[in-house]
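Colleague: I am new to this structure and would like to learn how to read its features one at a time. Could we begin with a helix, then turn to the core and the pocket?

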Amino acid sequence: MNNINPLLLLDYYKTTHNEQYPKGITKIVSYYTPRMSRISDEDKLVMFGLQAFIKEYLIRSFNENFFGRPKEEVLAEYKRVIDHTLGAGIVNYEKIEKLHDLGYLPIEIKAIDEGERVPVKVPMFEITNTHKDFAWLVNTLETAMSCSLWHTQVSANVGFRYRQIVNKYFDISVDDTVPRSRALGDFSMRGQESCESAIKSSAGFCLSFVNTATVPAILFLEDYYNCDCTKEQVAFGAISTEHSVMNSNYAVDGDEISMVKRLLNDIYPANGFSMVSDSYDYWNMVDNVIPACKEDIVKHGGYIGIRGDSGNPVEITTQTVKKLWETFGGSVNAKGYKVLDPHIKVIYGDSITPQRAESIYQILVETGFACNNVLLGAGSFSMQCLEQDGALKPYTRDTFGIAVKATYCEVEGKPIQIFKDPKTDLGNFKKSQRGMCIVFRDKNGNLDYKDGYDTGTIDSFEGENLLKPVFCNGRMIKEQTLQEIRHLLHDGKF
């Protein structure tokens, strides 16, 4: 449904607000803000996805599905839907005609850089109208913005959380030349809500890692973040078997050794691959089948990854590393930790929560093994839920209380600071900013904000306002590349 008029990508009540605003209103300024956190040890949210949203919806969709269509056709569609579902005569369609006649989207967005980790209550970006007749348009865009951005940003947070775990244990046990961006991968696509959700989620995760099973995430990042998988590290997939492959071969051959040797010698003689190994008896595979193929494995031109897919991931991965060391041996790295023969690895491609990842790494370190002996994967559960404080905490828009709220307007030339502060809001997280805002770095280098400004006073702030123009009147003003965003998020150590 990519051909929908973008002015219909909203909640119904947005269609009526033009008539409800004060008469003579010529300007509205709103801010997109994570207002709180339901995660006890996380009070920041990664800024990511705005550039993609602008390119996809504010530019492509408006140009193709609104301005690029005949005005009569756009109006007829809008009226047909609204009149027959909300009620005839409720909405004044003159605003739609005037916007189409204008020929461009009279909106300006100022944002902090993507890749910044933004503290709760600090605005990520500002949106306002650039033409006095279209103040109503500012918050009309809220619905599409909110539902397009929150999941992308949460998944970027998920990836960053895993990356901190990797950094901690790689610092201890892994040679510094080993890329940390290859330690984990995203295996969540089939468990996401939709193809679009999977793509955006994986793109967010790929800010911290380059392994993904979600093929179109690469296309998303190329389309919207100025990168090229043929020239740089955008993201990588992996060769892997699945149960249908292993089971059908067993049904024909009557054993598992035949398939292991076929994979090594005939199908992928020079390429690394992972092999799901629990179709029947995982420990028999590790204890007997793999040792029976040792000669083929050590002569192989790549590696074979022994992949568990059931049972306790912590026990499966750590015990497999120990058993494979006994069979294949390996080397000791510069930090004094054992590394398996490079022809064999251990993989667990799903069910790896942050707690399980940390447990796996901790056990490996305690038993003298480097943490790069295992490759781990985060599935859809970890992208959408966090186990914390003895409870499951689902990731939703409200995990970080994300909202777009109007805080400033001008009526007949008069600046008016507006705000909300519900007395019934016991958590005090729905309280909005008041007036126009600036975002700056405090003396410790942390992001903070000040509100209470208007168009006449905002330039009086002594310092740099980090909300910079990125979009104005239908055009991108500033763009970032994937590599720039990764560099910012990881302090230059991606």
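Modeller: Let us start with a term: a residue counts as buried when its relative accessible area is under 20%. Please keep in mind that this is a predicted model.

Colleague: Which residues of helix 4 are buried?

Modeller: An α-helix has 3.6 residues a turn, so residues three or four places apart point the same way. In helix 4, which covers residues 94–102, the buried ones are Lys-95, Ile-96, Leu-99 and His-100. Seen down the axis of helix 4, these buried residues fall within an arc of 135 degrees, so they line one face of the helix. They pack against helix 1, helix 2, helix 3 and helix 5, and just after helix 4 comes Gly-103, with a positive phi of about 90 degrees.

Colleague: How many residues does the largest nonpolar core have?

Modeller: In soluble globular proteins, nonpolar side chains tend to be buried together. Here the largest such core has 122 residues, and Ile-109, Phe-125, Met-275, Ile-290 and Tyr-361 have the most contacts inside it. Helix 6 (residues 142–173) supplies the largest share of this core, eleven residues, while a second, separate core of 20 residues includes Ile-218 and Leu-482.

Colleague: What space lies in the largest pocket?

Modeller: Rolling a probe the size of a water molecule over the atoms shows where empty space is left. The largest pocket holds about 1000 Å³, and of its 40 lining residues the closest to the centre are Phe-187, Ala-213, Ala-238, Ser-240 and Ser-274. Strand 13 gives the most to this lining, with four residues, and by class the lining has 19 nonpolar, 14 polar and seven charged residues.

Methods. Residues numbered from 1 in each chain as written. Predicted model: local features only at pLDDT ≥ 70, side-chain atom pairs only at ≥ 80, totals over all residues. Heavy atoms only, no water. 1 Å grid on protein atoms, 1.4 Å probe; cavity = no way out; pocket = protein on both sides within 12 Å on 5 of 7 lines; lining within 4 Å. Points joined across faces, edges and corners; volume = space filled by probe spheres on them. Helix = DSSP H or I, 4+ residues; strand = E, 2+ residues; numbered from the N terminus. Nonpolar A, V, L, I, M, F, W, Y, C, P; charged D, E, K, R; others polar. Buried < 20%, exposed > 50% of the residue type's maximum accessible area, 1.4 Å probe, protein only. Arc of directions from axis to C-beta. Contact = heavy atoms within 4.5 Å. Core = buried A, V, L, I, M, F, W, Y, C linked by side-chain atoms within 4.5 Å.
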